[in-house]
Amino acid sequence: MQFPGTAKPAVGIVFDTAMGGIDDVLALAMLYGFEGKSQARIAAIAVSSGDLSAAQFCDALRLFNAGASTGPGPANLHGMPMGLADGGTAAESSIFNKLGKPVRATGIDSVKDTADPATLMRNALMAQHDQNAAMVLSGAAIDLARLLDMYGAKDWIVRKVRLLCVTGTGKATDSASEKVLAGWPTPMVTVGPEIGEALPFPGGSMEKDFAWSTGHPVVDAYRRYQPMPYDAPSCAMAAMLYTVRPDEAYFKLSDGGKRRHLIFDAGQKERVIRAYIEMASAKPVPRKPRRPPDEKKKEEDKEEKKDEKKDEKKDAAP
Amino acid sequence: MITKKALARRTFLRGMGTAVALPFLDAMVPAMAATRSAKPPVRMAFVYVPNGIIMDGWNPDYEGPLRELPRILKPLEPYREDITLFGNLTHNTGRALLDGAGDHGRCCASYLTGVQPRKTVTDIKAGVSFDQIVANQVGKQTRFPSLELGMEDARQAGDCDSGYSCAYTNNLAWKSETQPLPPVLDPRALFERLFGNGMALTPEARARENFYRRSILDFVSDDTRKLETGLGPTDRRKLDEYLSSIREIERQIEKAERNNAQIDPHMEKPYGVPADFAEHFKLMADMMTVAFQADLTRVITFLVTHEGTSRPYREIDIPDGHHPLTHHRNQADMIEKVARINSYHVRQFAAWIAKMRTIREGDGTLLDNCMIVYGAGLSDGNRHLHEDLPTLIAGRGGSHFKTGRRIVYRRETPMCNLYLTMMERMGVHVEHFGDSTGRLEALDLT
């Protein structure tokens, strides 16, 4: 919960992903890493491919992070749900179409345990401070096109979102991407595949940097995706890194107005890959409860007494 | 009996400052049109209960045709073929959305308006509630565009929840974004509003009535006799049952007022309201029935008790306040008490539904031609959750809804989508309301 009158919290990220490549998995892992370091907050995660198993993976990773920080148990089951595009309209499939349901626990059994992505993203954006949200799109633009169709969408998108970062060439491939590329009302940065190729994520990191956990869902997916060892392209990771840390000069930007393109900077290669590894493999940070239990109970008791007094007054009133 | 000359739908029995509307009679259908335009109107009502529900006792663990109902809904089991139970409807605008504490104020104010209310105790602002949008359109056809009823506390000023005005917690219907419509709590006031020419009886008529302790029906007896001579046996029986139900309401009010007079002054209710919760509920339900039966209105909102209420339920041996109990911190005894309060509310509602389904109207029952929503603005009252709101509809909306089912939608499905669907059934066609994203699927017969 955020309170008015206090400083703005870290940027809220909406990640709309097809989970179409292993870099999407790693980008999601990075997002949890950023959240652990309070450099970003996860506002919403939506899967545009329509694969239930992809949403289940995202949820398993959420529970893995929540469980690791709060201890075992059905952690945070009532949080924001995962978004999942309607399978009938999704334009592409995810890698989990092949990999199947994750081994780890998930709270998603059927599509009814997920939310319509456009509704979810709208609801999540409504809970963000003005100009304190950013969106990363990796995959088909179908959900964002539907978001743009919502009542009054452009107004509140402009109010809430400071940046949309899109993986791909920046050229429209279907009517949805055409609509988003032409009609998106905030600044937009595109991240081409050349960035992902130039900055490969080292597969060796799975054995070394993720070794703190024996059953990390990301490691499991990485190993099952392709025969090991292999390095992965990092287009979605670059988009995530730039979106959360736009002022760190990891990349150069093309000239232009509202729509710009991310450019590989060879001098920053080592630094970028270090950031990838650090964030994707970050251990979940145990979070303290907002208020210690004793203090919370005292406050609740106080509230109850106040209510009782109010009732007594009401009964006594003529 | 079907006559060539139809009785006007808006016929009243009149006499001494009194006007009693009539129920839907066969004689109101012209002979030649009997087969094609005999459809009674569709009505809608909202019955709102506060402080959330113990959802384990509300949600069945299945979808599709209703079988055994969970404990809180048990009183509705005999009528399960008449209800539709919804899963996963959400009011995002009830959530904090940067406004901090105050979920009770927000959830009630956003419940029918679909907007996030301004956090304030002075310059209140929400939105036009959807019942009022319907009332504005269909209300011209009835004596009252809408009725707003309640059973507790109609204060409109002051802070009722963490900086939210009492106007937010104590009203469901909003005529404009700054004008809530306070509920009528007093059965006597409601009765007079329904049958006293649209306003309180004139002092002379009231004095005369009190002097003779006569029924309001006595004043219209001449008109009644005249009307009866032209009616067939079915209509006569209908009319007799209807007028008897009005007389029964009068008796209940008189009884309540007599009982109140005997209560110790510090316990006395200021409104002539029955001291007993169930009795009060029944009285209000009976008048809602008559109001629908006589087509006095097609839109009713009923705020059973106000959001955040700390009312105790001594009637069922629960002396603790409702709201403090809902913050149960997972203590089993407190959860049990809340579940009993939830069930007690549903029991009163079920009795109303039972009555509505006994009244014949057109080819079905009065209930068939209604959409009566029973629900709350919070699901889990302990954690103040605004998703998977406990929501059911009793009635078929004019033989339109396929009932007897539980329909679970995807998470985050806006509650306003249900409103959009209901508006369409009421003949009000709008493309968007609140945070709606479309009409609800799978609800209709086809």
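Predicted model: local features only at pLDDT ≥ 70, side-chain atom pairs only at ≥ 80, totals over all residues.

Reader: What makes H4(B) roughly parallel to H9(B)?

Author: The angle does. H4(B) and helix H9 (residues 277-293) of chain B pack at about 10°, with their axes 10 Å apart. Angles under 35 degrees count as roughly parallel, so H4(B) is roughly parallel to H9(B).

Reader: How many nonpolar, polar and charged residues does the contact of H4(B) with H9(B) have?

Author: By class there are 9 nonpolar residues, no polar ones and no charged ones. Ala, Val, Leu, Met, Phe and Pro are among the types that count as nonpolar.

Reader: Why is H1(B) called largely enclosed?

Author: A residue is buried if 20 or more other C-beta atoms lie within 10 Å of its own. In helix H1 (residues 103-111) of chain B, 9 of the 9 residues are buried, so the helix is largely enclosed by the rest of the structure. Among those buried residues are Asp103(B), His104(B), Arg106(B) and Tyr111(B). Against the buried residues of H1(B) pack S3, strand S7 (159-161), strand S8 (164-165) and helix H3 (166-169) of chain B.

Reader: How do you know that both faces of S11(B) are covered?

Author: Take the two sides in turn. Val299(B), Thr301(B) and Leu303(B) on one side are buried, and so are Ile300(B) and Phe302(B) on the other. The count for S11(B) is 5 buried residues of 5.

Reader: Which strands pair with S11(B), and in what sense?

Author: Strand S3 (residues 43-48) of chain B is joined to S11(B) by 5 bridges, and the two run parallel. S6(B) pairs with strand S11 (residues 299-303) of chain B over 4 bridges, also in the parallel sense. Two strands pair if DSSP finds at least two bridges between them, and 5 bridges and 4 bridges meet that cut-off. Phe302(B) is the bridge partner of Val47(B) and also of Leu149(B). Glu148(B), in turn, stands opposite Thr301(B).

Reader: What makes strand S6 of chain B covered on both faces?

Author: In S6 (residues 147-150) of chain B, Leu147(B) and Leu149(B) are buried on one side, and Glu148(B) and Gly150(B) are buried on the other.

Reader: Over to chain A. Why are S3(A) and S7(A) said to stand at the edges?

Author: The 8 strands form an open sheet with mixed pairing, in the order S3-S2-S1-S4-S5-S6-S8-S7. Strand S3 (83-84) and strand S7 (252-253) of chain A each have a single partner strand, so one side of each is left without a neighbour in the sheet. Strand S2 (residues 40-47) of chain A is joined to S3(A) by 2 bridges and runs parallel to it. Val47(A) has Leu84(A) as its bridge partner there.

Reader: Which strands does helix H1 of chain A touch?

Author: Helix H1 (residues 22-36) of chain A packs on the sheet and touches strand S1 (11-17), S2 and strand S4 (133-138), its direction making about 155° with that of S2(A). Helix H4 (residues 117-126) of chain A lies across S1, S2, S3, S4 and strand S5 (161-167), at about 165° to S2(A).

Reader: Why does Leu199(A) count as buried?

Author: Leu199(A) has 25 C-beta neighbours inside 10 Å, so it counts as buried; the cut-off is 20 or more. Leu199(A) lies in the loop between helix H8 (193-198) and helix H9 (205-208) of chain A. Beyond four places in sequence, its contacts include Ser234(A), Ala238(A) and Ile273(A). Ala238(A) is one of the buried residues of H11(A), a helix with 10 of its 10 residues buried.

Reader: Where does pLDDT stay under 50 in chain B?

Author: Over residues 261-271, for which the model has 9 contacts beyond four places in sequence. The mean pLDDT of chain B is 88, and the model scores ipTM 0.88 and pTM 0.87.

Methods. Residues numbered from 1 in each chain as written. Chains lettered and ligands numbered in written order. Contact = placed C-beta atoms within 7 Å. Axes fitted to C-alpha atoms, helices over the stretch in contact; angles between N-to-C directions. pLDDT = per-residue confidence, 0-100. Buried ≥ 20, exposed ≤ 12 C-beta atoms within 10 Å, placed from the backbone. Parallel < 35°, antiparallel > 145°, perpendicular 65-115°, else oblique.
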